[in-house]
Amino acid sequence: MAVRGRDARGGRPRLPRRAAGLVLAVLLTASACSAPADADTSLTVREIDATLERRAAAVLARDPAGYLDALAPDAAKLRAAQRTELANLADVPLKSWSYEVKGITEEDGDWATAEVELRYRIDGYDTAPVAARRTLELMRDGARWYVSADRPAKGASDQLWHQGEVEVVRGSHSLVLGVGRPEEELRQIADTVDLAVPAVSDAWPQPWARRVVVHVPDSVESMAGLLGSPETSYRGIAAVTTGEAGTTGERPALADRVIVNPQAYASLGSFGQRVVLTHETTHVATRTSTSTATPVWLSEGFADWAAYRGEDRTPDLIAPELTGAVRAGDVPAGLPDDKDFGFDGDPAELARAYESAWMACELIAERWGQEKLTAFYAAVGAHPGRDGAVEQAMGSVLDTTPEQFTADWRDYLSARLG
């Protein structure tokens with residue numbers, strides 16, 4: 001999962017199977033034959049699948065009784081929490097909701113622990129599902145399994161509706177889902193995203209959904225909870241985008257979500273807010289052309305280029321940290337590495353990494369043109385791996401080499417910022 005972000009300092013960026021198909025491997029043809037070792041597990045998976053299918057159907061039908069029917073009758077705390085959770089989802093326009101059992105990690109008679117993937121889509125916005133990993137504890141009573149505990153899987157996080165009642169605000173190109181935030185604030189965010197979408201489409205003319213789903217939790221603590229990371233990582237981050245980079249060719253990349261830190265975002269002026277949400281919207285637009293072959297300098301630099309290109313700001317105002325370094329004679333020796341975009345480094349160095357990446361994309365757009373910039377981005381992302389991706393794309397699209405490009409970029413920094 002990729003996570004990208006921007007900080008609150010003037011808009012400056014920061015990075016912050018379904019197993020029901022399992023069948024017996026052999027058919028028993030004589031009484032002397034025995035079932036394969038996983039026969040009991042296969043049966044358990046099928047039975048748990050049936051419980052989860054009923055649960056999913058109840059979510060889509062907005063049927064509290066049906067939803068609670070999948071829970072262990074004596075699990076009073078869980079039933080109360082799940083009743084609240086379903087109520088929190090009441091206004092979210094769901095298109096689909098399904099579970100896939102990925103495996104049974106423990107089974108002891110009438111008790112089992114299952115690793116499950118929840119997948120859901122929002123109607124009118126998601127062309128592919130969001131995936132959330134859950135760990136379920138279950139108990140069997142007769143022929144049925146019931147959920148007795150439901151929590152995020154190891155390394156996973158909760159969803160927005162686990163944090164409170166979700167309020168929904170619709171825009172022309174946006175759907176903003178907020179918890180504990182004023183409706184006026186959510187409307188303003190929707191309006192800003194509605195401006196960002198056509199701006200991004202102009203910068204990235206390749207096909208994309210042109211619709212963005214934004215989550216606005218009630219605090220930076222809740223934001224960190226959605227991202228499964230320490231709160232300290234996001235205190236200065238105004239927004240991040242989550243999603244799965246690239247596509248396997250067999251299915252589209254899973255849906256993106258822009259997650260806003262309400263405190264940091266509110267500290268920005270209209271310019272900073274516009275830049276932040278245009279930057280994040282660019283990550284949504286370019287997701288299927290972004291892969292493990294794409295260096296962070298290119299994905300973040302392109303998002304900044306798309307965000308700043310329509311703004312009336314000079315390079316020294318957009319890149320103050322890099323400008324100071326260049327004017328002091330400290331021109332970067334090379335393009336920033338992925339590690340330079342980490343959350344935990346020196347903020348000034350982090351700013352210079354983003355500013356350097358932006359200037360690299362500015363150089364390509366100015367010297368080779370916008371079409372070449374977008375073609376270069378797509379060519380890098382289409383490469384089978386990181387090794388050689390930039391070199392090959394620079395040769396085939398820009399007719400240059402990484403060494404020559406770096407030299408040209410350093411000269412460009414001196415000319416524009418010196």
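Which side chain meets that of glutamate 311 in a salt bridge? Select arginine 274: its side chain and that of glutamate 311 form the pair, at 2.7 Å from N to O. A salt bridge here is a side-chain nitrogen of Lys or Arg within 4 Å of a carboxyl oxygen of Asp or Glu. Glutamate 311 lies in the loop between helix H8 (296–308) and H9, and arginine 274 in helix H7 (residues 270–286), so the pair ties together parts that are 37 residues apart in sequence. Helices (H or I, at least four residues) and strands (E, at least two) are DSSP runs, numbered from the N terminus. Glutamate 311 counts as buried at 19% relative accessibility, whereas arginine 274 is partly exposed at 29%. Buried means under 20% relative accessible area, exposed over 50%, and partly exposed in between (1.4 Å probe, protein chains only).

The model is predicted: local features need pLDDT of at least 70 and side-chain atom pairs count only at pLDDT 80 or more, while totals for chains, interfaces and linings use all residues. Residues are numbered from 1 along each chain as its sequence is written, and side-chain values use heavy atoms, with hydrogens and water left out.

**Arginine 134 and its partners**

Next, select arginine 134, which is buried with a relative accessible area of 6%. Its side chain meets that of aspartate 158 in a salt bridge (3.1 Å, N to O). This pair links distant parts of the chain, with arginine 134 in strand E4 and aspartate 158 in the loop between E5 and strand E6 (167–170), 24 residues apart. Aspartate 158 is partly exposed, at 30%.

At 19% relative accessibility, aspartate 150 counts as buried.

The model has 22 salt bridges in total.

**Helix H14**

Finally, select residues 402–417, the 16 residues of helix H14. Phe405, Thr406, Asp408, Trp409, Tyr412, Leu413 and Leu417 are buried in H14. They cover an arc of only 165 degrees around the axis (taken from the directions from the helix axis to the C-beta atoms), which puts them on the same side of H14. Turn to the face away from that buried side to find the exposed residues Glu403, Asp411 and Ala415. The buried residues pack against helices H9 (315–318), H10 (320–327), H11 (347–367) and H13 (389–398), contact meaning heavy atoms within 4.5 Å.

Notes
Expected span 1.5 Å × (residues − 1).
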